[in-house]
Amino acid sequence: MASRSPSMSKAKDTDSVQKDVGVKRNPVTKWVLRITFVLALIATCNWLDTIKDRWYVFEPTKLHQLAQSAIAAHQNDTAGMIRHIVTNLTAEYSPSVVAINPDASEWFFNNAGGAMGALYIIHASITEYLIIFGTPLGTEGHTGVLSADDYFNILVGEQWAFSPGQLEMERYPAGSVHYLPRGTPKQYKMHKGCFALEYARGWIPLMLPFGFTDGFTSTLDIVALYRMTILSAREMFRNLLIGKI
């Protein structure tokens, strides 16, 4: 049997050492790559957050004026107010710019933050949504810590709200708008027969867990969860097809 030469033995020992070093470096390299990916993701999200306003179509002031005109034209007729709003939106905005859902029969229950009501999606995209939300019975709960600025235009009834530390409630009658900045939680109450035109602008998909959680953990209303999922996805997809993010 031929004996190993010293040079061959040294080369194999060197290879073995290099392999051991490589094995030791692998976990470090993996963590460096993971941290780099997370930092790059955060930087990208922060950048997108600074430019998201370029994808907004609706204006809060104009929507408030539209809500007020609907109230003036259809006092004590909530269905008439909704028709007024949808008709005006479809007339003002081209289908090539933004997709509007004109089917006011597509209502479904929504439980979020302990409050229960029904909603109809007029518009939903990645950066905006416009809905009718309310209940003829009244409800109250937590607004959630939302990832979007929220404009709650009261059509009928009245909403009350308060933040921790406030000793007096905020009152929002028909014709007023309750503005809730992103990340600001409140308790709110909608009185009997209260409906509103709600507009949110920001990152809408990040709001979905708040809208889904009560359905999964409390009500187990699979039909409502299904309708919310299908209709939200359909409207977002319709808008993506025309380039509306």
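User: Which element gives the largest share of the lining of the largest cavity?

Analyst: This is a predicted model, in which local features need pLDDT of at least 70 and side-chain atom pairs count only at pLDDT 80 or more, whereas totals for chains, interfaces and linings use all residues. Residues are numbered from 1 along each chain as its sequence is written, and side-chain values use heavy atoms, with hydrogens and water left out. Helices (H or I, at least four residues) and strands (E, at least two) are DSSP runs numbered from the N terminus, and the largest share of this lining, four residues, comes from β2.

User: What is the volume of the largest cavity?

Analyst: A cavity is a set of points, on a 1 Å grid over the protein atoms alone, where a 1.4 Å probe fits but cannot get out, and its lining residues have an atom within 4 Å of a point. Points are joined across faces, edges and corners, and a volume is the space filled by probe spheres set on them. For the largest cavity that volume is about 550 Å³.

User: Which residues lie closest to the centre of the largest cavity?

Analyst: The lining of the largest cavity holds 28 residues. Those closest to the centre are Asn-110, Tyr-129, Ile-131, Glu-198 and Met-207.

User: Which elements give two or more residues to the lining of the second largest cavity?

Analyst: The second largest cavity has a volume of about 70 Å³. Its lining includes Phe-109, Gly-211 and Leu-225. The elements that give two or more residues to this lining are β1, α4 and α5.

How values were computed: 1 Å grid on protein atoms, 1.4 Å probe; cavity = no way out; pocket = protein on both sides within 12 Å on 5 of 7 lines; lining within 4 Å.
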